[in-house]
Amino acid sequence: MLNLLQHYGTIIDEILDNEDDHDALELVDYEENYQCANGVWLCSGATRCAIVDDDCDWIVKFDLDGNHEDYCEREARIYKEAKNYGVQDMLVPCIDLGFWRGRWHLYAYKRVEDRFFGVGVFSDEESNIANKYSSSPLGEKSKSVTIGLLRDWGSEMMERLNKLCINWCINDLHGGNVGYLDNKLVIIDYAGYLEDDYSSEKE
């Protein structure tokens, strides 16, 4: 993964060399997307920022300053742990690339092929199965996401995934945090969040 680190590290250097882009990278705002001069996108959330190069099959993320939790590092641990549950393929791959310039701790994520736009009409049977997870981290945010995962992976895999979500407090599974990879719905953001970190960003 050295090439990915070099690729995105060079992009960071280019961003920092441009005055406007430099400010955008250094002063990332919550839930803002910014297109840099070189065409690369900075996409920020409550606790992390992603750098997206449209010409690359991988994106990178790094944690924003001031969080109580290293969310990217947590996500990398969850991805490894998911293998023990037999559900690693249900999560987008996450790889620790290491540091660039001693400051930017970058993590690479496989880029999904398409976003999730809901499941449309669903059967009573699907609804009943999804309701089983309505009070667990897996299903508390979106019934549509639960049914989408169920359709692509089956009930046995859902049970395994549910155990992972409970044990690791993966608690933010809404439509924006899933997407399609190899024509199957996968989770692209599975770090969850600590209430203190999330609420402080909203204040």
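Modeller: Happy to! Let's start with the sheet itself: six strands make up an open sheet, in the order 1-2-3-4-6-5, with antiparallel pairing. Strand 1 (33-35) and strand 5 (94-100) stand at the edges; each has a single partner strand, so one side of each has no neighbour in the sheet. On average, neighbouring strands are turned by 25° against each other, ignoring direction. Please keep in mind that this is a predicted model.

Next come the helices. Helix 2 (residues 19-26) packs on the sheet, where it touches strand 1, strand 2 (41-44), strand 4 (58-63) and strand 6. The direction of helix 2 makes about 160° with that of strand 1. Helix 3 (residues 71-85) packs on the sheet too, touching strand 3 (48-52), strand 4, strand 5 and strand 6, and its direction makes about 125° with that of strand 4.

Side chains of opposite charge can pair when their charged atoms come close. In the whole structure, a search finds nine salt bridges.

One of them joins arginine 101 to aspartate 13, with 2.6 Å between the closest N and O atoms. Arginine 101 sits in the loop between strand 5 and strand 6, while aspartate 13 belongs to helix 1 (residues 2-17), so this pair links distant parts of the chain, 88 residues apart. Arginine 101 is exposed, because its relative accessible area is 60%.

Another salt bridge brings together glutamate 75 and arginine 48, at 2.5 Å from N to O. Glutamate 75 is in helix 3 and arginine 48 in strand 3, so the pair ties together parts 27 residues apart in sequence. Glutamate 75 is buried, with a relative accessible area of 0%, and arginine 48 also counts as buried, at 7%. A network of salt bridges links Arg48, Glu75 and Asp189.

Finally, arginine 111 and aspartate 54 meet in a salt bridge of 2.9 Å, N to O. Arginine 111 lies in the loop between strand 6 and strand 7 (114-115), and aspartate 54 in the loop between strand 3 and strand 4, 57 residues apart. Arginine 111 is partly exposed, at 27% relative accessible area, and aspartate 54 is partly exposed at 49%.

Definitions and conventions:
Residues numbered from 1 in each chain as written. Predicted model: local features only at pLDDT ≥ 70, side-chain atom pairs only at ≥ 80, totals over all residues. Heavy atoms only, no water. Pairing = 2+ DSSP bridges. Helix = DSSP H or I, 4+ residues; strand = E, 2+ residues; numbered from the N terminus. Axes fitted to C-alpha atoms, helices over the stretch in contact; angles between N-to-C directions. Contact = heavy atoms within 4.5 Å. Salt bridge = Lys/Arg side-chain N within 4 Å of Asp/Glu carboxyl O. Buried < 20%, exposed > 50% of the residue type's maximum accessible area, 1.4 Å probe, protein only.
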